[in-house]
Amino acid sequence: MTIDKSWTTIRSRGSSNEFWNGLQHFLQMAKPFVNDRGFIKCPCRRCLNNDSHQLEDLESHIFRNSFMFGYNQWIHHGELASANAGTTVAGPSGGIHERDEMFDVLDDIISEDADEDAVGGPSSNDQYDDLFAALRSELYPGVSSFSSLNFLVKLMHLKVLNKWTNKSFDELLKLLKLAFPKIDLVESHYEAKKLMTKMGLGYSSIHVCKNDCALFWKENSLKDTCPVCSESRWKLQSGKRSGKNVPHKVLRYFPVGPRLKRLFATSKTAKLMRCHSTGKSKDNDVMRHPVDGKSWQEFDKRHPQFAGDVRNV
């Protein structure tokens with residue numbers, strides 16, 4: 001029996017159908033060889049067949065950490081047993097199911113971790129397991145065109161575009177679950193937001209003085225009154241604070257760092273992020289981009305170290 005293992009050396013895992021299909025065939029091959037508790041050795045570069053996990057966790061481990069080097073005969077995952085039985089295991093070209101488009105999105109999210117793994121060893125962060133679980137889960141039994149994660153992302157996108165309230169979103173989820181009892185969907189907007197946060201789409205909430213004097217942040221984070229005007233941080237009822245602390249104003253801050261990483265993690269947007277270096281006008285009399293202006297050029301002269309790296313924006 002010949003098993004195609006070329007997929008195990010592919011580095012661009014998220015953009016490769018060959019890797020995805022090869023991984024699915026590997027999991028299918030290993031499925032009959034889990035122990036009585038449903039566990040099997042994990043051949044990712046973090047576990048190195050020393051740790052065992054449930055079969056559904058192997059997919060996220062191998063995708064995130066890549067397949068371990070040197071494991072050429074899959075003795076722990078049924079290769080010898082399959083050979084002795086005279087069975088044939090198809091190569092990656094056969095395909096088990098079509099790769100969900102969200103697979104590419106997850107690849108963009110964790111590509112930064114994958115690069116760090118290649119340099120300093122595999123990461124021990126398992127924050128993406130819930131995302132992979134939602135990606136593996138069918139939205140409804142027999143519906144393979146949508147994963148649970150894919151549908152939820154599109155639903156959240158519609159919420160933003162049409163300015164639905166959180167309450168209306170919760171009511172929609174209740175209606176969908178009532179109409180389709182077997183649908184695999186979160187229970188509330190709160191749960192959906194928690195999942196989106198793991199995809200790098202979260203934000204930080206910072207309380208603000210009702211008169212916009214100061215932020216209750218850093219050294220002011222524990223204060224109950226504004227350090228400038230002494231106004232209460234919390235809404236009061238009859239001059240007293242209610243049972244639950246409710247701030248007068250909330251600033252929602254979207255951290256810049258994670259979003260820049262996301263932009264550079266995807267090949268298409270990374271190219272656009274460097275256009276100020278690659279798209280300079282060759283004609284000194286024509287300004288096609290702000291980089292051709294005198295202000296930009298003066299900034300580059302004053303800060304040569306910053307300007308020396310085209311990734312700096």
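1. Helix crossing. Helix α5 passes helix α8 in a left-handed crossing, where left-handed means that the near helix is turned anticlockwise from the far one by less than a right angle, and right-handed that it is turned clockwise. The axes of α5 (residues 129–136) and α8 (residues 189–201) come within 10 Å and cross at roughly 110°. These axes are lines fitted to C-alpha atoms, for helices over the stretch in contact, with angles running from 0 to 180 degrees between N-to-C directions. The two helices are therefore roughly perpendicular to each other; that class covers 65 to 115 degrees, while angles under 35 count as roughly parallel, over 145 as roughly antiparallel and the rest as oblique.

2. Residues at the crossing. Asp 130, Leu 131 and Ala 134 of α5 meet Leu 195, Lys 198 and Met 199 of α8, contact being defined as heavy atoms within 4.5 Å. Four of the residues in this contact are nonpolar, none is polar and two are charged. In this scheme Ala, Val, Leu, Ile, Met, Phe, Trp, Tyr, Cys and Pro count as nonpolar, Asp, Glu, Lys and Arg as charged, and the others, Gly among them, as polar.

3. Basis of the note. The model is predicted: local features need pLDDT of at least 70 and side-chain atom pairs count only at pLDDT 80 or more, whereas totals for chains, interfaces and linings use all residues. Residues are numbered from 1 along each chain as its sequence is written, and side-chain values use heavy atoms, with hydrogens and water left out.

4. The chain as a whole. The secondary structure comes to 13 helices and seven strands; helices (H or I, at least four residues) and strands (E, at least two) are DSSP runs numbered from the N terminus. Of the 313 residues in the chain, 35% are buried, the term meaning under 20% relative accessible area, with exposed over 50% and partly exposed in between (1.4 Å probe, protein chains only). Among contacts between residues at least 6 apart in sequence, 54% join residues at least 24 apart.

5. His 189. This residue belongs to helix α8. With a relative accessible area of 9%, His 189 is buried. Leaving aside neighbours within four places in sequence, His 189 is in contact with Met 156, Lys 159, Asn 166, Phe 169, Asp 170 and Leu 173.

6. Aromatic pairs. The structure holds nine aromatic pairs. Rings of Phe, Tyr and Trp (its six-membered ring) pair if their centres lie within 6.5 Å; planes under 30 degrees apart count as stacked, over 60 as edge-to-face and the rest as tilted. The ring centres of Phe 26 and Phe 67 are 5.5 Å apart and the planes stand at 90°, so this pair is edge-to-face. Phe 26 lies in helix α1 (residues 17–30) and Phe 67 in the loop between α2 (55–65) and α3 (79–85), so the pair ties together parts that are 41 residues apart in sequence. Phe 26 is buried at 1% relative accessibility, and Phe 67 is buried at 2%.

7. A further partner of Phe 26. The rings of Phe 26 and Trp 74 have their centres 4.9 Å apart and their planes at 85°, so this pair too is edge-to-face. Distant parts of the chain are linked here, with Phe 26 in helix α1 and Trp 74 in the loop between α2 and α3, 48 residues apart. Trp 74 is buried, its relative accessible area being 2%. One aromatic cluster is formed by Trp 7, Phe 19, Phe 26, Phe 67 and Trp 74.

8. Helix α2. Nine of the 11 residues of α2 are buried, so that the helix is mostly covered. The buried residues include Leu 55, Leu 58, His 61, Ile 62 and Phe 63, and also Glu 59 and Arg 64. After α2 comes Ser 66, whose phi is positive, near 70°.

9. Ile 3, in the segment before α1, is buried at 13% relative accessibility. The C-alpha atoms of Ile 3 and Glu 79 are separated by 8.6 Å, although the two residues are 76 apart along the chain. Asn 17, found in helix α1, is partly exposed at 44%.

10. Asp 292. What surrounds Asp 292, leaving aside its neighbours within four places in sequence? The contacts are Lys 280, Ser 281, Val 286, Met 287 and Gln 297. Asp 292 lies in the loop between α11 (275–278) and α12 (294–302) and is buried, with a relative accessible area of 17%.
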